[in-house]
Amino acid sequence: MVKRRALLGAGIIGAVALVASLSIAAAGSAGTAGTASPTAVAVSAQNIKPPAVANAAAIKKKFGGRSITFLGDGPVGKSHTRDVNLVKKFSQDTGIKVKLVPHPVNSSASYSQLARTFSANSSAFDVVMVDVIYTGAFAPYLYNLGRVLRKEAKLHSKGIILNDTVRGKLVAMPWFGDFGILYYRTDLLKKYGYSAPPKTWAQLGAMAQKIQDGERANNDNFYGFVYQGNAYEGLTCDALEWLASSGGGQFIDGGKVTINNPRAAAMLNLQRSWVGKITPRGVTTYEEGEAEKAFTAGNAAFMRNWPYAYAIGQEGPIKGKFDVTTLPRTGANAPVGTVGGWQLAVSSFSKQPGAAVELVRYLTSPAVERYNAIFNSNVPTIPAVAKLAAVRKVNPWLKPEIAGVKRVTRPSRYLGTKYNQGSTIIYQGVSQILNGQDANNVLPGVAQRLQRALPG
Ligand code: GLC
C-alpha cells in the first residue's frame, strides 16, 4: 500500500512536469549550431550517418565480444531501419554484438510482450523500449540507471526524466518524444479554394468532404481524413485529443472519472458520423502505419499522426505537397496534442548489464538524438538537440507555434500500474462508438469500469 502510493505520487509529479518541460523545450529559439556554410552540403535524411560511439576503445576493452539483445522499434516508418543503422555502428565501434529484435508496432501488444517477458523472469532481452505511460508499471523489472547515467540524464527534459524516475530510481532513459499533429495536403487545399488548414473539427469535416468529393473523380481510394482508429493504445491517444480539444476533459481529471459528459459524447458521435463517409470504413482497424501509408501514398487530405511520419512524406509522391500544424479544436477550446514517446531501459534480468548500459548511453546521446531527428523525424528529448538549426530545418513541427501546443497526458498518473487496464476500457468503448453505437449509451458503462480500475 505504502509502496503503491509512492509510485502514484512519483507519477503525478512526473506527468505534470512532463507537459511543462516538453512545451518549453520545443518553444525555445533556434540555435546556430549545425548551420551549414554556403558551400557545405546540407545534412539530410539521405546523407546523415550514424555517429561514432564516444569512448569506444575503452568500451571495447571492457565489453568487446559480449552479446546482448535489444528489443527495438517495430517496422513503422523508418524506425526499424534507424535501429539497424545505429546498432551496426555501435557493434563496429565497440565489438559488442547486438541482436536486434523488433517489438510489435502496436504499443498495447508491446506492453503485453514486456509483461510476459518480465513475469517469466526472462533474460531474453537486455535493452528494451518502454512507452512513456508504462515506466511506472515496469519499474520493478528495470535496472537503476541513476548511478551510471546521472550526467547524461541531466541533458534531457526534466519532465521526462521525472516520468522515468520511479521511487527515486531512474528506470529508463528518454529515447524520443512524441505529440499528435495534423498533416494536410497543401496542394489540395489550394485546389479546392482553402487558404489555411482547418482550425476546428467542424472545418476539418467540411474541408475533408469537399476535397474527397472532388478527388474521387480520379481516385476511388481517396478519403478526407485518416487516423488511428483500431482498438488499441493509439485510439486512446487520438480520443484524448478529440475530447480535450472540445471541452470534454481528459477521461480522468483531478482523480475523478469524467469521461461520461455531454461534450465528450457529442465529439465521439461526430467522429462516428464520419466513419465510412470522410474516413475509410476500415479506419476502425487503422494504426499509425495504415494511416501513414494512406496519406503518404496520396490517398488522404488530412491525417492525425506523430512526427515520425514527416520523414516518410518527404520521400514519396507527396513530397513538397504537404505540411503540418496543430490538431483542430471545438469552439473556443485550445488545440492539444497527446504526449507520447519511448524510453530505453535495461532489464534487471540482463546477464550483461554493463554492455547493455553502454548501448543505452550511446542511443540516448545528443549525437544519436540529432541523427534520429534528421533521419527519422523523431522528437528530441534533449532541448539542445531540438534547437539545432539542422534539426529544425527538416522538422517544421518543431516551430514554436506547433510544438508549443498544449500537451495533454494520458491518465497514467491516476491509474499507475493499472494504466493498461484503464486504457483498454477507454479504447474498447471508443471503438464501439466508432463502430456504430451511440456514445450516450456507451460512456456510462466505460465510466463505471474506469472507476473500478482506479486504484484506492
Ligand atoms: C506512439 C507514441 C506512444 C503511444 C503510441 C500509441 O508510439 O510515442 O507513446 O502510446 O504511439 O500508438
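Helix α3 passes α15 in a right-handed crossing. The model is predicted. In it, the axes of α3 (residues 79-94) and α15 (residues 366-376) come within 11 Å and cross at roughly 140°. Angles over 145 degrees would count as roughly antiparallel. α3 and α15 are therefore oblique to each other.

Look at the residues that meet there. From α3 come S79, R82 and L86. They face V368, N372, F375 and N376 in α15. By class, this contact has three nonpolar residues, three polar and one charged.

Now step back to the domains. The protein is divided into domain 1 (2-178 + 340-398) and domain 2 (181-338 + 408-453). Their C-alpha centres lie 27 Å apart. Across the boundary, 31 residues of domain 1 are in contact with 27 residues of domain 2. On the domain 1 side, the elements giving two or more residues are α1 (2-27), α4 (107-119) and α5 (135-138). The largest share comes from α1, with eight residues. That side of domain 1 divides into 16 nonpolar, twelve polar and three charged residues.

The ligand comes next. Both domain 1 and domain 2 give residues to the shell around the ligand, so it lies between them. The shell consists of S107, D131, V132, D178, E233, G234, C237, E288, W306, G340, G341 and W342.

Definitions and conventions
Residues numbered from 1 in each chain as written. Predicted model: local features only at pLDDT ≥ 70, side-chain atom pairs only at ≥ 80, totals over all residues. Near = placed C-beta within 6 Å. Domains from an automatic or database assignment. Axes fitted to C-alpha atoms, helices over the stretch in contact; angles between N-to-C directions. Helix = DSSP H or I, 4+ residues; strand = E, 2+ residues; numbered from the N terminus. Parallel < 35°, antiparallel > 145°, perpendicular 65-115°, else oblique. Left-handed = near helix turned anticlockwise from the far one by under 90°. Contact = placed C-beta atoms within 7 Å. Nonpolar A, V, L, I, M, F, W, Y, C, P; charged D, E, K, R; others polar.
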